[in-house]
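Trainee: Could you go through this one with me? I'd like to begin with the charged pairs.

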Amino acid sequence: MAIEQYKDVENCDNQGLEDLQEPLVKLEKKVVSYEDSESDESVESSCSIAMVLLSTSVAVCGSFEFGSCVGYSAPTQSAIREDLGLSLAEYSMFGSILTIGAMLGAITSGRIADFIGRKGAMRMSAIFCIAGWLAVYFSNGASCLDMGRFFTGYGIGVFSYVVPIFIAEIAPKHLRGGLTTLNQLMIVVGASVAFLIGTIVTWRTLALTGLVPCIVLFVGLFLIPESPRWLAKVGREKEFHSALQKLRGKGADISREVAEIQVYIATLQSLPKARMVDLFQRKYIRSIIIGVGLMVSQQFSGINGISFYVSETFASAGLSSGTTGTIAYACVQVPITLIGAVLVDKSGRRPLIMVSATGTFLGCFLAGSSFFLKAHNMFPEFVPLMAVTGVLIFIASFSIGMGAVPWLIMSEIFPIDIKGAAGSLVVLVNWLGAWAISYTFNFLMNWSNSGTFFIYSGFSVLTILFVAKLVPETKGKTLEEIQACINSDSRELPILK
């Protein structure tokens with residue numbers, strides 16, 4: 001699963017999905033009038049954002065936990081297999097079962113977050129992750145190890161939905177975009193920290209470090225308010241006003257925002273709920289093809305196989321210690337992810353994905369070539385350097401575009417009436433792809449090291465062709481303009497006629 005998934009919020013048939021990309025309400029008339037636009041700005045700027053920042057800081061502990069779980073298997077593979085006597089198949093199951101748990105968590109997260117609230121869902125996720133890490137720590141065989149990994153997977157599957165939704169629902173409009181990007185950043189930071197710590201501590205100790213963000217999150221949730229939008233949706237009016245007042249500051253005028261939220265929720269609840277079968281109507285099919293195609297492209301680039309077992313990959317290439325390559329891998333991710341976040345609204349979605357896919361092709365091709373040279377005993381002194389360089393080019397290229405942009409595009413291309421159902425389908429495809437890649441990676445490497453990377457590089461080429469042919473540019477367009485573009489292009493595709 002790409003750790004990049006900060007637009008993972010589309011992973012359930014829930015009505016909070018639209019909050020990340022759409023205005024809170026589309027009104028032709030202002031609900032509450034003000035004397036002029038300057039008074040609006042002064043009111044907004046005078047709002048205290050201290051509670052918003054605290055609430056966001058607490059929530060992204062879940063994102064950090066997500067990254068910690070994803071990054072756990074890379075530096076621990078050889079030690080766990082040696083200590084517990086696991087076969088290659090058993091360790092592959094341990095590494096990949098995280099994605100099965102996450103898939104189930106993602107599918108159920110929307111209903112859970114609606115039923116017990118955003119804070120309740122995060123508490124539940126933290127409990128699952130804590131139980132999972134303790135099971136991993138105390139495990140003496142494959143069964144307990146797999147159960148713990150599955151539990152942490154389920155927890156992060158729920159986190160992947162509820163954290164960005166919670167942030168989007170509490171943040172003022174002018175801060176929402178910046179604060180939601182912290183979700184993706186903290187996922188990458190969590191994975192990088194796990195990579196780094198895993199090189200200096202035992203695998204059991206590394207499991208205990210996974211408890212830290214869960215505990216901080218669990219305690220922090222007692223200090224912050226529930227999502228005002230969820231409170232309004234379930235009819236808890238008094239708590240809704242109180243929570244919004246805490247988030248905007250004691251002296252802030254929240255009357256306009258209260259009215260907007262109430263109208264928005266009323267509008268949202270009046271929309272018919274789409275069923276899965278509705279997604280395959282002619283007017284929606286191109287959006288579905290784009291969404292599913294981008295997720296397949298993202299996963300079959302090989303990201304989860306390479307990132308889950310990167311240390312052993314470097315060791316297979318002849319690097320004296322996989323630790324050095326793992327540290328370099330961890331250090332590359334964070335700054336490149338930051339660069340990608342800046343570029344996405346400057347360069348556009350399509351160019352960024354195509355450049356990113358070109359980079360993943362070059363990285364995989366270089367790594368595959370290094371293993372090919374090693375198999376034929378050619379230039380053995382250059383093989384380790386080529387392998388490390390190839391993998392680093394791959395992860396840098398993936399982080400700058402292929403990690404996050406498919407989720408961003410997915411949140412923009414689906415009409416509001418099918419966004420929940422379409423999001424569920426696309427996320428299901430994403431997690432299934434993540435499982436397939438993470439489970440088969442070690443078997444493919446046993447078959448052919450070079451062939452594995454050449455296969456992944458081939459998928460990167462297909463991604464470039466797919467994006468060039470089918471994916472529209474969504475930068476700077478309203479959701480209505482995007483839909484008009486998709487529907488216009490659909491009529492030109494023979495397969496959709």
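Mentor: Fine. Take Glu260 and Arg256 to start: they are 4 residues apart in helix H11 (residues 255–270), so about one helical turn separates them. Keep in mind that this is a predicted model.

Trainee: What do Glu260 and Arg256 form, and how far apart are the closest N and O atoms?

Mentor: Glu260 forms a salt bridge with Arg256, and the closest N and O atoms are 3.6 Å apart. The cut-off is 4 Å, so the pair counts.

Trainee: Is Glu260 buried or exposed?

Mentor: Glu260 is buried, because its relative accessible area is 9% and buried means under 20%. Arg256 has 22% relative accessibility, so it counts as partly exposed.

Trainee: How many salt bridges does the count come to?

Mentor: The count comes to 7 salt bridges. One of them joins the side chains of Asp114 and Lys233, at 3.1 Å from N to O.

Trainee: Which residues are linked in a network with Asp114?

Mentor: Arg118, Glu169 and Lys233 are linked with Asp114 in a network of salt bridges. Asp114 itself counts as partly exposed, at 24% relative accessibility.

Trainee: And what about Glu239?

Mentor: Glu239 forms a salt bridge with Arg236, and there the closest N and O atoms are 2.7 Å apart. Glu239 is partly exposed at 39% relative accessibility, and Arg236 is partly exposed with a relative accessible area of 34%.

Trainee: OK, new topic. What's in the largest nonpolar core?

Mentor: The largest nonpolar core has 108 residues. Those with the most contacts inside it are Tyr72, Ile80, Met122, Val162, Ile306 and Tyr329. Helix H4 (residues 88–138) gives this core its largest share, 14 residues.

Trainee: Where does that core lie relative to the domains?

Mentor: It lies between domain 1 (47–224) and domain 2 (271–491), because both give residues to it.

Trainee: What about the helices? How many residues of H17 are buried?

Mentor: In H17, 17 of the 20 residues are buried, so the rest of the structure largely encloses this helix. Helix H17 covers residues 383–402 and should span 28 Å at 1.5 Å a residue; its end C-alpha atoms are 27 Å apart, which agrees.

Trainee: And H2, what does its length come to?

Mentor: Helix H2 (residues 50–71) has 22 residues and reaches 31 Å from its first C-alpha to its last, close to the 32 Å expected at 1.5 Å a residue. In H2, 17 of the 22 residues are buried, so that helix is also largely enclosed by the rest of the structure.

Trainee: Last thing, the surface. Which residues make the nonpolar patch?

Mentor: Leu54, Phe222 and Leu223 make a nonpolar surface patch of about 320 Å². Phe222 sits in the loop between helix H8 (211–220) and helix H9 (228–233). Its relative accessibility is 57%, so Phe222 counts as exposed.

Trainee: Is Ile224 buried or exposed?

Mentor: Ile224 counts as buried, at 5% relative accessibility, and lies in the loop between H8 and H9. Ile224 and Ala59 are 165 residues apart in sequence, yet 9.7 Å apart in space, C-alpha to C-alpha.

Technical notes. Residues numbered from 1 in each chain as written. Predicted model: local features only at pLDDT ≥ 70, side-chain atom pairs only at ≥ 80, totals over all residues. Heavy atoms only, no water. Helix = DSSP H or I, 4+ residues; strand = E, 2+ residues; numbered from the N terminus. Expected span 1.5 Å × (residues − 1). Buried < 20%, exposed > 50% of the residue type's maximum accessible area, 1.4 Å probe, protein only. Patch = residues over 30% accessible without salt bridge, like charges linked within 9 Å, V, L, I, M, F, W, Y side chains within 5 Å. Areas by Shrake-Rupley, 256 points an atom, 1.4 Å probe, with all protein chains shown as cover. Core = buried A, V, L, I, M, F, W, Y, C linked by side-chain atoms within 4.5 Å. Domains from an automatic or database assignment.
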